[in-house]
Amino acid sequence: MSTLNNILYFQSVLGVLANMFLLFFYTVIILWHRPKPTDLISCQLTFVHMVIVLTGGDLWLTDIFESLKFENDFRCKITFYMSRVMRGLSICITCLLSVFQAVTISPRTSLLAKFKHKLKTYTIYAFFYLWSFNLSFSSRWIFYVGAFTNVSESNQMKVTKYCSIFPKNYIISALSSTVTISRDVFLVGVMLTTRAYMVIILFRHQRQCKHLHSISQPRVSPEKRATQTILLLVVVFVVMYWVDFIISYTSVLLWKYNPVILTAQKFVMNAYPTVTPLVQISSDNRITNILKKIQSVRHQIF
């Protein structure tokens, strides 16, 4: 168990640092440079992922709340509520990013091309609706999460050291589960469709430009590298998201959380927010160019 906790701590530290670096980069690009149409969405997604890592593992905010001497019940409610909101925003904004990337790379002859010049306007409206929906939809958890007590332990499911989930009304539970599952299935379906469309477009572009690349100097083309990045992120997201969902849903049905399973779920929940910034940092030419310049300056000084 201690080994799992150490792995979870390392993953959390790596996730927070990577997302902080990426958030700083996107903020600088948006405020002082010429951003890409999808940079604002990527910046929001990076912020969401950083909060997920901070709240999902129950490792950081708990210590902060303890130092501020907040009551257990309050910190359980706020931490769990933030975790649920950010989890919903993660899948929503990831889907939004997939759609906007598909629109951005679509050829001029496609039906999606006419939406390119309105991307910025659509982004602002989309953010408003996504944040409003997730903040309101996840508010139900405030009433069903609280500090763990020794009284009537069978009527509460312990999810962290201090916090528990209390039973919900059957109708409310069934309704919220139906809405959540429907939302997730729809968004994942849209995400997979747009990603598949992007892979097809990039593959066609690679074939058209193949004659421009030298045969004597074989190298991975930008299109192939972009395709590999897209597929990697899609596979990681879909696998980790649904593993997390299955563990959560099964635990609620059985009304029991094994401590090892709970720790493993936290690792799965933080996997995508940790992997995504690392992949973005390594695949974004703007970041790699900046890092190369910093490295060259460092070599000149020393």
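This is a predicted model: local features need pLDDT of at least 70, side-chain atom pairs count only at pLDDT 80 or more; totals for chains, interfaces and linings use all residues.
A helix here is a DSSP run of H or I covering at least four residues, and helices are numbered from the N terminus. By that numbering, methionine 82 lies in helix H4, which covers residues 72–105.

The chain as a whole holds 10 helices and 3 strands. Followed along the sequence, the order is α-α-α-α-α-α-β-β-β-α-α-α-α. The chain has 302 residues, and 44% of them count as buried. Its accessible surface amounts to about 17,700 Å², with 68% of that belonging to carbon and sulfur atoms. Contacts between residues at least 6 apart in sequence join residues at least 24 apart in 75% of cases.

Leucine 135 is 53 residues away from methionine 82 along the chain, and the C-alpha atoms of the two are separated by 8.7 Å. Methionine 82 has a relative accessible area of 26%; because this falls between the 20% limit for buried and the 50% limit for exposed, the residue is partly exposed.

Aspartate 39 belongs to helix H2, residues 39–56. The relative accessible area of aspartate 39 is 2%, which is under 20%, so this residue is buried. Apart from neighbours within four places in sequence, aspartate 39 is in contact with Tyr26, Ile29, Ile30 and Arg286.

Helix H9 runs over residues 259–283 and can be checked for length. With 25 residues at 1.5 Å a residue, helix H9 should span 36 Å, and because its end C-alpha atoms are 37 Å apart, the two values agree. Helix H9 also has a kink of about 35 degrees at asparagine 270, shortly before proline 273.

Helix H9 returns in a feature of the surface. Leu4, Ile7, Val260 and Phe267 form a nonpolar patch there, and together they have about 310 Å² of accessible area. Helix H1, residues 2–32, and helix H9 each supply at least two residues of this patch. Leucine 4, one of the patch residues, is found in helix H1. Its relative accessibility is 33%, so leucine 4 counts as partly exposed.

Note on methods:
Residues are numbered from 1 along each chain as its sequence is written. Side-chain values use heavy atoms; hydrogens and water are left out. The expected span of a helix is 1.5 Å times one less than its number of residues. The bend at a residue is the angle between axes fitted to the seven residues ending there and the seven starting there. Buried means under 20% relative accessible area, exposed over 50%, partly exposed in between (1.4 Å probe, protein chains only). Contact means heavy atoms within 4.5 Å. Accessible areas come from the Shrake-Rupley method with a 1.4 Å probe; for residues, only the protein chains shown count as cover. Patches are made of residues with over 30% relative accessible area and no salt bridge: like charges are joined within 9 Å, nonpolar side chains (Val, Leu, Ile, Met, Phe, Trp, Tyr) within 5 Å. A salt bridge is a side-chain nitrogen of Lys or Arg within 4 Å of a carboxyl oxygen of Asp or Glu.
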